[in-house]
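Here is a short briefing to read alongside your structure.

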Amino acid sequence: MNKLFAANWKMHKTTAEARQSASELVGLVSGKLKAGREVMILPPFTALAPVVEALRGSAGFLVGAQNVYPQKQGAFTGEVSPGMLLDAGASFVLTGHSERRHVLGETDDLVGTKTAFGLESGLGVILCVGEKLGERKAGELKAVLERQIRAGLRDVPKDTPPARLVLAYEPVWAIGTGEVASPKDILEAHAFVRHMLAEIFGPSGSELRILYGGSVKPDNASEIIALDNVDGVLVGGASLKADEFSRIVLA
Ligand code: PEP
């Protein structure tokens, strides 16, 4: 399975800035990307088209969206359908990101509906899960992960091609805080996610990728990427500057 390096740009960058960053990244990474690695940029909706354009023809680069609404079309003001994302050139979408769960109030149930609908509509999905600091301190890590994974994958067909479904373990306390989880924490959480995937999907659970996210930087990326059951990284803050993100991708 290819290691995935995903750049979540969140609510940053105008169309011109996005085009510029994506082109710069291609320039920095092209020809140097190790075999078995792929790079995904997840810009805001408004910058999907310019990023698709900037990456056109560059092997190993993908575009994803940060959110989707689980309906084909209709009276859902402000929302974007899977078909619209595919039309704009995105091939993946994030579901269950901690900011959607904890800032925008998305429930486990909605995350599950979005995940299944996104897959059914032809998108690949990166389903994010992770515990809050209080939950970790209360010894609830595995219970939270199990609840989010079971709900997130509730309606996902067991024969989903492994390349189209990615899990991301992102401890909420490590996102955007500069506080990265320790290798021991990451190993423990990823082993548990892998165990859950095997329970849900059987043997193909070992073929799904599990990303780590939470304050990944150029100086900690290579250590994280080398850990067991870590099949890539999901990067927020450090993905905004092409130079910084390229050092993670090439780590
Ligand atoms: C994220 O937004 O998914 C994330 C991991 O952010 P950061 O890298 O800034 O912690």
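**N220 and its surroundings**

Leaving aside residues up to four places away in sequence, N220 touches V180 and S215, where contact means heavy atoms within 4.5 Å. This is a predicted model, so local features need pLDDT of at least 70 and side-chain atom pairs pLDDT 80 or more, while totals for chains, interfaces and linings use all residues. Residues are numbered from 1 along each chain as its sequence is written, and side-chain values use heavy atoms, without hydrogens or water.

- N220 sits in helix α9 (residues 218-225); helices are DSSP runs of H or I with at least four residues, and strands are E runs of at least two, numbered from the N terminus.
- N220 is buried, at 12% relative accessible area (buried is under 20%, exposed over 50%, partly exposed in between, with a 1.4 Å probe and protein chains only).

**The ligand**

- Among the 14 residues around the ligand, those that come nearest are K10, E170, G176, S215 and G236 (a heavy atom within 4 Å counts as near).
- A side-chain N or O atom of K10 is 2.7 Å from a ligand oxygen, and E170 also has a side-chain N or O atom 2.7 Å from a ligand oxygen.
- S215 places a backbone N or O atom 2.8 Å from an oxygen of the ligand.
- The protein buries 98% of the 300 Å² that the ligand exposes when taken alone (Shrake-Rupley method, 1.4 Å probe).

**Helix α5**

- The buried residues of α5 include V111, F117 and L119.
- Among the elements covering those buried residues are β4 (92-95), β5 (124-129) and α7 (141-152).
- After α5 comes G122, with a positive phi near 105°.

Key. Polar contact = N/O pair within 3.5 Å; in protein donor to acceptor, adjacent residues only side chain to side chain.
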